[in-house]
Amino acid sequence: MDIVRWSRQLIPTLREVPQEAEIPSHQLMLRAGLIRKLGAGLYTFLPLGLRALRKVERIVREEMNRAGALEILMPALHPKEVWEQTGRYELLRDVMFKVKDRQQREMVLGPTHEEIVTDLVAHEVSSYRQLPVNLYQIQTKFRDEIRPRFGLMRAKEFIMKDGYSFDADLDGAEKSYRSMYEAYQRVFQRCGLRAKIVEADTGAMGGSSSHEFMVLADSGEDGLVECDACSYAANLERAESVLRSAPSFADAEKDPEKIATPGLRTVEEVAGFFQSPPARLIKTLIYVADGKPVAALVPGNRDVNEIKLRRALGAKALELADAATIARVTGAPVGFAGPVGLSIPLVVDAKLRGYRGAVTGANEADAHLRSVDIERDVKVTEFADISFAIEGDGCPRCAGTLRAKRGVEVGHVFKLGTKYSEQLGALYLGEDGQKRPCVMGCYGIGVTRTLQAVIEQSHDDNGIIWPATIAPAEVEVLLINEQHAASVETAGKLVEGLKNVGIEVLFDERAERPGVKFKDADLLGLPLRINVGERGLAKGSIELRARHSGETLVVPVESAVETACARLAELKRACAPGGE
RNA sequence: CGGGGCGUAGCUCAGCCUGGCAGAGCGUCAGCUUUGGGAGCUGAAAGUCGUGGGUUCAAAUCCCACCGCCCCGACCA
């Protein structure tokens, strides 16, 4: 273990909040001198930031190895052709950085590595005797994000642990998935993170199912719901929900009636006019799916979930229709579309089943219909779940109620099936002499994002509060007056003593005023701090202060190392996975 | 890509509306004083005012174009 002397380090702390940073974790990483920006989504790790990053990586490695995964390192630069084999060159076209070599060969900077690892396994694995195999790497990924933001949370270049399992059959793949799922729980616990596991959509990865590991935070980019009674939790992209009671509205028995609503287009305006809750309205949105117009109907208080809609339609391309298309299809300007009399397919949200007395557009400028009965008046092509769940919906698994939260996705595990192994020829010869594709899983951890998520979840007004397991150093020794000889001597001995028992020490021996050093110590947030000063030494003692609680112990100099050691062990235990 | 904001000293920002010597606080450097929660005094260094063009006797300030950064949205393993 080494000693970090503040005065000989590069720890450029900032008194003020940099203009570029919005959320606490980003501000604190900059202020504590952990990172610096080169450009949008591009960051340099300074020495202390790198130390913390390496600790996260070490935890990830240890848990991957424990679970039997094998570390490899693949290229970040890939020939374009590998990506064309699976069709993902097209699919991920916009997120990939593309470059050419001197011979004008087209290359991409890898945004992920399914194709590359599967190609490897296709060449090197040929028998069921070699399975299962689980390979991972910790490597820099490149994605041309539409909008990098929040520092390391969404960067153009970031470090990711990506792992891939290859099994002979579904049972084996299930076991591999389970084992990674459990390894991930351990990883995040050891990083001091509380990660919520949610059911997730598989997106461009493909595959059958997946779970995301979410760190709850208001600044999180993902919406999710969790049940207040059972363990159900899901990303909003995927979340199902139920209505506890069928809504009933006024005038349900009457026939549809056209009402003049001049200039009223939005749900709020129309709901206000009818003095009804937005839920009484039926929103009719015109989409173009694979070139053909369709109408999607959802309750007025909900939004269309385009992922669900695309799945319901089985469409490859899906986008909102433009104003001209809407006018052609509905005969009315934007804002007055309704389902009655439309001749295009109508996909109706399942939550609209039994809707009576609803208000819809009349397919005519400045007019709406009231007393619409979805079953009686609308030619429903298909009922399907195509809307987002919202706070207060019923849980699909129990009698509980769903709560809406936001989270940062720090890990994602997928069951991939045989999509990649078939396309890239990752086949093995079974016991029976038959060739079969490997059943795959893939598993990602955003390493740099995880580091920042820890800070987002663990800080106060004064600065970072590092979990003991990933702090850039474990104990800060703060020399209050560097001109007081006895203090200097004692601090020096303590630093040596801590080092000798294997503790990582940051020694703040700068010629700064005490206040400056105290403020910097809180900002940087190492778990324990030892203040060595004249006042304490007069009584033969130092102060041992815990960053997370602010609790300060007065400890005799002789037992300072021992006490610090014991305290640190406690703090580390708090991050240990259950049962250890 | 659409909408909004910003770009002046290392950092945070004022000055711009109403054109006329480029400023403050913090930081840095030197000296003195001070030493338990971002000290005090004295002095100093430090800016092509994002870039280019235009208007004007004169542009940080007005106009045009471009670049960069941040936020919201769309999008996203």
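## Close-up views of chain A

In chain A, residues 24 or more positions apart make up 70% of the contacts with a separation of 6 or more. The model is predicted. Of the 580 residues of chain A, 52% count as buried.

**Figure 1. Overall layout of chain A.** The chain holds 16 helices and 32 strands. Along the principal axes, its C-alpha atoms fill a box of roughly 95 × 65 × 50 Å. The domain assignment gives domain 1 (41–239 + 404–456), domain 2 (257–384) and domain 3 (463–573). Five residues from domain 1 and four residues from domain 2 form the contact between these two domains. The C-alpha centres of domain 1 and domain 2 are 38 Å apart.

**Figure 2. The largest nonpolar core.** This core has 58 residues. Leu 34, Leu 451 and Trp 466 have the most contacts inside it. Domain 1 and domain 3 both give residues to the core, so it lies between them. Leu 34 is shown with its neighbours, leaving out residues up to four places away in sequence. Leu 34 touches Met 29, Thr 44, Phe 45, Leu 46, Leu 48 and Gly 49, and also Ile 455, Ile 464, Trp 466 and Leu 524.

**Figure 3. Helix 14 and its cover.** Helix 14 spans residues 514–524. Its buried residues are Lys 517, Asp 520, Ala 521, Asp 522, Leu 523 and Leu 524. Leu 524 is also one of the residues that Leu 34 touches. The cover over the buried residues of helix 14 includes helix 1 (24–31) and helix 2 (47–66). It also includes strand 27 (463–464), strand 28 (475–479), strand 29 (505–508) and strand 30 (528–532). Gly 525 follows helix 14, with a positive phi near 75°.

**Figure 4. The largest cavity.** The structure holds one cavity of 30 Å³ or more. The largest cavity has a volume of about 30 Å³. Leu 528, Leu 544, Arg 545, Ala 546, Glu 551, Leu 553 and Arg 567 line it. Strand 31 (residues 541–546) gives the most to this lining, with three residues. By type, the lining has four nonpolar, no polar and three charged residues.

**Figure 5. The second largest pocket.** The volume of this pocket is about 370 Å³. Its lining has 20 residues, with Arg 265, Lys 283, Thr 284, Gly 335 and Phe 336 nearest the centre. Helix 7 (267–274), strand 15 (282–289) and strand 19 (358–361) each supply at least two lining residues. Strand 15 gives the largest share, five residues. The lining divides into 12 nonpolar, six polar and two charged residues.

**Figure 6. Backbone exceptions.** Most residues other than glycine have a negative phi, and most peptide bonds are trans. The peptide bond from Leu 131 to Pro 132 is cis, with omega near -5°. Pro 132 sits in the loop between helix 5 (114–124) and strand 8 (133–142). Phe 150, in the loop between strand 8 and strand 9 (157–167), has a positive phi near 55°. Phe 150 counts as partly exposed because its relative accessibility is 21%, and the buried class stops under 20%. Ser 371 also has a positive phi, of about 60°, although it is not a glycine. Ser 371 lies in strand 20 (residues 367–372). Ser 371 is buried, with a relative accessible area of 0%.

Technical notes. Residues numbered from 1 in each chain as written. Chains lettered and ligands numbered in written order. Predicted model: local features only at pLDDT ≥ 70, side-chain atom pairs only at ≥ 80, totals over all residues. Heavy atoms only, no water. 1 Å grid on protein atoms, 1.4 Å probe; cavity = no way out; pocket = protein on both sides within 12 Å on 5 of 7 lines; lining within 4 Å. Points joined across faces, edges and corners; volume = space filled by probe spheres on them. Helix = DSSP H or I, 4+ residues; strand = E, 2+ residues; numbered from the N terminus. Nonpolar A, V, L, I, M, F, W, Y, C, P; charged D, E, K, R; others polar. Core = buried A, V, L, I, M, F, W, Y, C linked by side-chain atoms within 4.5 Å. Buried < 20%, exposed > 50% of the residue type's maximum accessible area, 1.4 Å probe, protein only. Domains from an automatic or database assignment. Contact = heavy atoms within 4.5 Å.
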